[in-house]
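Q: Hi! I've got a model open and would like to talk through how it is put together. Could you take a look with me?

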Amino acid sequence: MNSCLKIVIFVPGLNIGGIEKVFLNYASLLSEARSEVVLLTCHENTDLINIIPKKVNCVNLRTNKLSKSIFQIVRFFKEYRPDYILTANAATIAIIFAKYLSFSKVKIIASHHNYINNEIHYFIDRLLLYKAYNLCWKVIAVSSGIKKHLEEFGVRKSKIEVITNPINTSEIDRMIIESTIDLQGPYIVFLGRLSVVKNLLFLLSSFQNVISRFEMLKLYIVGDGPEKINIENKITEFGLIGKVILTGALDNPYPILNKASIVVLPSLSEAFPTVLLEGLYLGKTIVATPTNGALEILGTGGWGYVSTSFDDANEFSDLILRGLTQPINPNNLRKRFDEMFNPQNSVSKLIKLMDINQ
């Protein structure tokens with residue numbers, strides 16, 4: 001890669017979430033590839049500030065709202081003159097406005113991580129977003145399913161590149177031995193945002209079935225979000241106090257993930273869930289609902305246990321029990337990860353796109 005290439009990664013906030021983690025991974029891996037990387041954000045409250053790679057310069061506009069950031073981004077473009085800016089989803093619209101207002105030549109790479117029916121609710125937002133994508137230099141689809149989805153909404157095929165989300169395996173290896181939580185096993189773990197789409201009330205129903213046959217098992221739910229109160233109420237209703245542990249959002253979830261018997265993902269929709277890549281890397285048996293993302297990552301070759309529905313608690317609990325009694329060989333799961341989802345492949349593909357254009 002051209003050593004003078006200036007790459008900006010823009011994410012409005014750095015709170016703990018899927019896209020934020022992906023972009024931090026890109027920042028770290030691109031900086032290792034000898035490019036000049038700036039992480040640009042606009043929210044003052046940044047949960048992930050302590051894990052920003054040292055090689056990455058972080059610029060915080062401190063506007064706290066994306067809509068108030070456009071003129072600050074304009075000023076940044078004029079002063080810094082980046083070659084590329086990588087952003088995601090609806091934040092792309094703000095970046096496009098800033099580019100044209102600043103007369104910048106920056107090439108915008110938009111990354112799309114979700115299916116539109118779960119992310120955007122109004123027609124005008126859909127129209128703006130997909131019109132915006134066609135104004136970008138490239139659009140990264142994080143999976144083949146997302147590529148098809150974007151094409152169906154009118155994004156030109158020539159704009160789209162499929163590049164799977166990278167995980168930072170070096171960081172995982174480093175952080176995995178750091179833990180301040182007293183882990184009491186055996187346990188299964190969910191890692192993600194506590195939102196309706198994650199289908200956690202269904203998981204609690206399934207877990208209630210499991211512990212009727214496996215009394216010593218616990219469930220760790222790692223994350224935070226709007227469904228927290230509903231989850232707490234359901235834990236009380238099901239008599240699961242002490243069996244289900246809500247840890248809240250954690251800067252470092254990897255020790256919990258590493259010592260889990262099973263990683264569960266009961267979501268109603270997933271494009272390309274990072275937690276499943278992390279699970280494969282750590283050799284964890286996975287039990288998931290049949291989202292497009294889970295099916296694409298786990299495939300049909302016995303790399304995980306995938307249910308046939310999103311609401312059959314008995315089936316899901318049976319799969320959890322099967323995972324406990326018939327765990328998948330960790331070496332095979334790690335091999336699957338290395339062959340299909342090595343993060344260097346994702347970064348190399350992005351770098352190649354940029355190099356070709358130089």
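This is a predicted model: local features need pLDDT of at least 70, side-chain atom pairs count only at pLDDT 80 or more; totals for chains, interfaces and linings use all residues.

Q: At what angle do α2 and α3 pack, and how far apart are their axes?
A: Helix α2, residues 70-80, packs with α3 at an angle of about 55 degrees, and their axes are 8 Å apart. The two helices are therefore oblique to each other. As for handedness, α2 passes α3 in a right-handed crossing.

Q: What else does α3 touch, in the sheet?
A: Seven strands make an open sheet, ordered β3-β2-β1-β4-β5-β6-β7, with parallel pairing. The edges are β3 (57-60) and β7 (160-162); each has a single partner strand, so one side of each has no neighbour in the sheet. From one strand to the next, the twist averages 25 degrees. Helix α3 (residues 91-102) packs on this sheet and touches β1 (6-10), β4 (84-88) and β5 (107-112). The direction of α3 makes about 150 degrees with that of β4.

Q: And where does α6 lie?
A: Helix α6, residues 144-152, lies across β5, β6 (138-141) and β7. Relative to β7, α6 runs at about 165 degrees.

Q: How many bridges join β4 to β5?
A: Five, and the two strands run parallel. One example is Tyr-84, whose bridge partner in β5 is Lys-107.

Q: What about the β2 and β3 pair, how many bridges there?
A: Strand β2 (residues 36-41) pairs with β3 over four bridges, in the parallel sense. Leu-40 sits in β2, and its bridge partner in β3 is Val-59. Those two residues are 19 apart along the chain, with their C-alpha atoms separated by 4.9 Å.

Q: Is Leu-40 buried or exposed?
A: Leu-40 is buried, with a relative accessible area of 0%. Leaving out neighbours within four places in sequence, Leu-40 contacts Val-8, Ile-9, Phe-10, Val-11, Val-59, Leu-61 and Phe-76.

Q: Switching topic: which residues touch the most other members of the largest nonpolar core?
A: That core has 97 residues, and the ones touching the most other members are Leu-150, Ile-188, Val-189, Leu-204, Leu-219, Val-264 and Ile-320. Helix α8 (residues 200-211) gives the most to this core, with seven residues. Apart from this core lies another one of 27 residues, including Ile-7, Val-11, Ala-27 and Leu-29.

Q: What does Val-189 touch?
A: Not counting residues up to four places away in sequence, Val-189 touches Leu-219, Tyr-220, Val-222, Ile-256, Leu-257, Ala-260, Ile-262, Val-263 and Val-264.

Q: Last one: where is Thr-164?
A: Thr-164 is in the loop between β7 and α7 (169-175).

Q: Does Thr-164 count as buried or exposed, and why?
A: Buried, because its relative accessibility is 19% and the cut-off for buried is under 20%. Setting aside residues up to four places away in sequence, Thr-164 touches Tyr-26, Val-142, Phe-272 and Ser-346.

Note on methods: Residues are numbered from 1 along each chain as its sequence is written. Side-chain values use heavy atoms; hydrogens and water are left out. A nonpolar core is a set of buried Ala, Val, Leu, Ile, Met, Phe, Trp, Tyr and Cys residues joined through side-chain atoms within 4.5 Å. Buried means under 20% relative accessible area, exposed over 50%, partly exposed in between (1.4 Å probe, protein chains only). Contact means heavy atoms within 4.5 Å. Two strands pair if DSSP finds at least two bridges between them. Axes are lines fitted to C-alpha atoms, for helices over the stretch in contact, and angles run from 0 to 180 degrees between N-to-C directions. Angles under 35 degrees count as roughly parallel, over 145 as roughly antiparallel, 65 to 115 as roughly perpendicular and the rest as oblique. A crossing is left-handed if the near helix is turned anticlockwise from the far one by less than a right angle, and right-handed if clockwise.
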